[in-house]
Amino acid sequence: MRILCTNDDGIHAPGLKVVEEIARALSDDVWVVAPELDQSGVSHSLSLNDPLRLREVGPRHFAVRGTPTDCVIMGARHILGTKPPDLVLSGVNKGRNVAEDVVYSGTIAGALEGTILGLPSFALSQEFSVETRERPLWDTALKFGPDILRKVIAAGIPKDTVINVNFPACTPEEVLGIRVTRQGKRNLGFLRIDERRDGRNNPYFWIGFERAAMMDTPAEGTDLAALRERYVSVTPLRLDRTNEAFSEALSATLK
């Protein structure tokens, strides 16, 4: 099995080494194509107005001055030549990708691009806590990642589905199990604007997150609830975002 690994944290991110180790538990034909720079939050953006610069940083390791989407396309359509990958792994992200994160995440986007190209694809993320922010517990992803991949691949992944895997912010021994979940939802106040002043007293702004919103009790069965209860969350995300129920109602309205 030929595996293509990417991420959104950049070619030098510790989590990229973790996803490569997970990949090598499945195959020895592993290729890494990752962004030259941190691309967190770029979502599924594609570089159309700027050239892609490619740099080989080691055997089967390439950096692309572009987005995770660019990296997957470059890897599958150019770098790997006539033998495309059989599997795409994106991550392991430093920080969880749950609830609304899936809309913004470059990690999710890398896996989605693999799905668009017709390849089984996984997004992998390691949650951290206040205590583990600087030293995420990568061993949790390393322990549970390979077996989850094997089982899901063996079961078969629908063509329009990407598998979003989030590992809780605890040691492997503290993990209570694995749950198949649905995408959760935070309350509407989780985003905020932080205004500051530079040395010339000109305003500038950071987009931030309200911790109080993150502490709300999540709905049962969601990715948020699973991580809160120290379970690995596995969420199948569909590429087709059509709201079928509303489409039927809308059709009746617009007759």
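The second largest pocket of this predicted model is lined by Val102, Val103, Ile108, Leu112, Val162, Gln183, Pro236, Leu237, Arg238, Leu239 and Arg241. Helix H3 (101-104), helix H4 (106-116) and strand E11 (231-238) each give two or more residues to this lining, and E11 supplies the largest share, 3 residues. Helices (H or I, at least four residues) and strands (E, at least two) are DSSP runs, numbered from the N terminus. A pocket is an open set of points on a 1 Å grid over the protein atoms alone, where a 1.4 Å probe fits, with protein on both sides within 12 Å along at least five of seven lines; lining residues have an atom within 4 Å of a point. The volume of the second largest pocket is about 210 Å³, taken as the space filled by probe spheres set on the points.

Residues are numbered from 1 along each chain as its sequence is written, and side-chain values use heavy atoms, without hydrogens and water. In this predicted model, local features need pLDDT of at least 70 and side-chain atom pairs count only at pLDDT 80 or more, whereas totals for chains, interfaces and linings use all residues.

Val103 also belongs to a nonpolar surface patch of about 730 Å², together with Tyr104, Leu191, Ile193, Phe205, Ile207 and Phe209. Such a patch consists of residues with over 30% relative accessible area and no salt bridge, nonpolar side chains (Val, Leu, Ile, Met, Phe, Trp, Tyr) being joined within 5 Å. Strand E10 (203-209) is among the elements that give two or more residues, and E10 gives the most, with 3 residues. Ile207, located in E10, is exposed at a relative accessible area of 61%; exposed means over 50%, buried under 20%, and partly exposed in between (1.4 Å probe, protein chains only).

The model holds 16 salt bridges, each a side-chain nitrogen of Lys or Arg within 4 Å of a carboxyl oxygen of Asp or Glu. In one of them, Asp29 pairs with Lys83, the closest N and O atoms being 3.8 Å apart. Asp29 lies in strand E2 and Lys83 in the loop between helix H2 and strand E5, 54 residues apart. Asp29 is buried at 11% relative accessibility, whereas Lys83 is partly exposed at 45%. Arg2, Asp29, Arg60 and Lys83 are linked in a network of salt bridges.

Another salt bridge joins Glu100 and Lys185, with 3.8 Å between the closest N and O atoms. Glu100 lies in the loop between E5 and H3 and Lys185 in the loop between strand E8 and E9, so the pair ties together parts that are 85 residues apart in sequence.

Terms used:
Patch = residues over 30% accessible without salt bridge, like charges linked within 9 Å, V, L, I, M, F, W, Y side chains within 5 Å. Areas by Shrake-Rupley, 256 points an atom, 1.4 Å probe, with all protein chains shown as cover.
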